[in-house]
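Here is a short report on one structure. Please look over the sequence and the model before reading on.

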Amino acid sequence: MRHDDPRLPTSPGFWRSPLRGTWFTSVLGLVLLVGITVLFVTGLVSYAAYNPDLAPVNDQTPDKGILGFYLFSWPTNPSWLYRLTQGLHVTLGIVLIPVLLAKLWSVVPKLFTLPPARSLAHALERISLLLLVGGGLFEFTTGVLNVQLDYLFPGSFYPLHFYGAWVFFAAFLAHAALKTPTALRAVRGRRLDEGELAAARPDPPTVSRRGALWFVGGASLLLLVTTAGQSIGGALRRTALLAPHGGADPGSGPNGFQINKTAAYAGIDTKETGEEAWRLVVTGRGGRTVRLSRAQLLRLPQHSAALPIACVEGWSTADQWWRGVRLRDLAALVGYEVDPPDVLVESIQRHGAFRRAALRANQVADPRSLLALQVNGEDLSPDHGYPARVIVPAAPGVLNTKWVARMTFGDL
C-alpha cells in the first residue's frame with residue numbers, strides 16, 4: 001500500500017474528525033502551558049521539602065548533579081505548607097489528564113506524517129515531540145500509580161519521576177517556545193477551521209469544538225471533585241472516591257486518622273516496643289549518650305502542637321493534637337543547650353526507603369517539632385508510631401519518622 005492510501009494513518013484522508021483544528025489544539029495547549037508549569041514548580045518544591053542535600057539518607061537521587069542547583073533549606077512555617085504544595089501538585093496532575101489526552105488526540109495525525117524528517121530542523125522537532133509525548137505519558141502514569149499506591153515501577157518512584165520530569169519539561173519548554181505564538185494568534189483570532197491540523201475531508205460534525213472543550217472540562221471537573229478531598233480533608237474527604245485516602249476516616253477515636261503503612265507492614269514486633277524492651281537512644285556532642293524509657297520521656301516537660309500530616313501521594317490529615325517532648329529539649333540533654341543542630345532519626349522499622357531520615361537544624365529548633373508520645377489526648381496507636389514518633393511542621397510525612405529508636409544530633 002502507498003503511504004497516501006486513505007486506509008493508512010499516514011494518509012491525511014485517514015483522519016476525518018471535524019473537531020481537529022488549530023483553535024481546538026491551541027486552547028488545550030495554553031491550558032497545559034500553565035498547568036504543567038505549575039506541576040513542574042510544585043514538583044521541584046516537593047523534592048526540596050525532602051532536604052536531599054542535607055544527608056544521603058534523604059537523597060533518593062544521588063546522581064542528580066546540577067539538577068539540584070535550586071535546593072534550599074525547607075521552612076517550618078506555615079505548618080500547612082507541604083500540605084498545600086503537594087496537594088496542589090497531585091490534584092492538578094490528575095485534573096489535567098483529560099486535557100493531556102485530548103491534546104494528544106488532537107495532534108495524533110502529525111505523529112504519522114511522512115517522510116519522518118524533511119530536514120535536520122524537522123528531524124530535531126520530531127525527536128522533541130517524541131520526548132514530549134513519551135515524557136508526558138510517563139510522568140502522568142507514574143504519578144497516578146504512586147498516588148494510588150500501586151508501586152508497579154521498574155525501580156524506585158523517586159528517581160524515575162524526578163529525572164523523567166526534567167526530560168519532559170525540557171522538551172515541553174522547547175515545544176512551547178515554538179508553538180505558543182501560533183496558539184495565541186489562533187485563540188485571539190478564533191480561527192476555528194484553519195490550520196494543518198484540520199481534516200482534509202472531515203466527517204459531518206456531531207458536536208462543536210466548543211462542545212468538545214466543555215466535555216474535556218467536565219471530565220477534569222469530575223476528577224477534581226473525586227480527588228481533591230483527600231488533601232482538603234474534613235467533610236470533603238468523603239467525596240474523594242478515586243483517592244486511596246478518601247472516604248471516611250479509618251477507625252474511630254483519637255487515633256482514627258489516615259496512615260500509609262501499618263505497624264504490621266513495617267514489621268514492628270510488639271516485643272520490641274514494650275515498656276521493658278524499648279529505649280530511645282539519644283546521642284549528641286562529643287558522643288554523649290542518654291537512654292530513655294517511655295516512662296522517663298513522659299516525665300520530661302511535655303508540649304503540644306496542632307499539626308497535619310501530608311504525604312507525597314497528595315493526601316493529608318486535618319490538624320491533630322500531638323503531645324510529647326520537643327526535639328530541641330532532647331538536643332539539650334546531649335549537650336546542645338543553645339542552637340540545636342541537625343538530627344538523624346532512626347526507626348525500629350527494618351525496611352523501607354525512609355526508615356532513617358535527617359532533619360535540619362531549623363526543624364529541630366521549632367518549638368512545635370516533637371517526639372510525640374500521644375495524639376488527641378491518647379497514647380499513640382502502633383500504626384501511628386507507638387511508642388514514639390517524630391512530628392515536624394510542614395515536613396513531608398516520610399520525614400515524620402514512626403517507631404523511633406535512635407536520634408543522633410550533630411552536623412550531618
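## A buried loop residue

N51 is buried, with a relative accessible area of 0%. Buried means under 20% relative accessible area, exposed means over 50%, and partly exposed lies in between (1.4 Å probe, protein chains only). N51 sits in the loop between α1 and α2. Its phi is positive, about 50°, although N51 is not a glycine.

This is a predicted model: local features need pLDDT of at least 70, side-chain atom pairs count only at pLDDT 80 or more, and totals for chains, interfaces and linings use all residues. Residues are numbered from 1 along each chain as its sequence is written, and side-chain values use heavy atoms, with hydrogens and water left out.

Most residues other than glycine have a negative phi, and most peptide bonds are trans. L149 also has a positive phi, about 65°, and is not a glycine. L149 lies in the loop between α4 (120-147) and α5. L149 is partly exposed, with a relative accessible area of 27%.

Two cis peptide bonds deserve a look. One runs from N77 to P78, with omega near -10°. P78 belongs to the loop between α1 and α2 (81-95). Another joins Y386 and P387, where omega is about 15°. P387 is in the loop between β8 (378-379) and β9 (389-391). Helices (H or I, at least four residues) and strands (E, at least two) are DSSP runs, numbered from the N terminus.

## Helices and annotated spans

The unreviewed UniProt entry lists residues 21-50, 88-108, 129-148, 160-178 and 211-229 under "transmembrane region". UniProt positions follow the numbering used here, feature names are shortened, and annotations may be inferred rather than shown by experiment. In the model, residues 129-148 are 95% helix and 0% strand. The end C-alpha atoms of that span are 28 Å apart. Residues 160-178 are 100% helix and 0% strand, with end C-alpha atoms 27 Å apart.

Helix α1 (residues 22-49) packs against helix α5 (residues 157-189) at an angle of about 145°, and their axes are 9 Å apart. The contact residues of α1 with α5 divide into 20 nonpolar, five polar and no charged. Here Ala, Val, Leu, Ile, Met, Phe, Trp, Tyr, Cys and Pro count as nonpolar, Asp, Glu, Lys and Arg as charged, and the others, Gly among them, as polar. Axes are lines fitted to C-alpha atoms, for helices over the stretch in contact, and angles run from 0 to 180 degrees between N-to-C directions.

## The sheet

Five strands form an open sheet with mixed pairing, in the order β2-β1-β10-β5-β6. Its edge strands are β2 (289-292) and β6 (356-359), and each pairs on one side only. The twist averages 15° from one strand to the next. Two strands pair if DSSP finds at least two bridges between them.

## Strand β5 and its partners

Strand β5 (residues 343-347) pairs with β6 in the antiparallel sense over four bridges. β5 also pairs with strand β10 (residues 404-409), antiparallel over five bridges. V343 stands opposite L359 in β6 and opposite F409 in β10.

How many residues of β5 are buried? Five of its five residues are, and the strand is mostly covered. In a regular strand the side chains alternate between the two faces of the sheet. In β5, V343, V345 and S347 are on one side, L344 and E346 are on the other, and all are buried.
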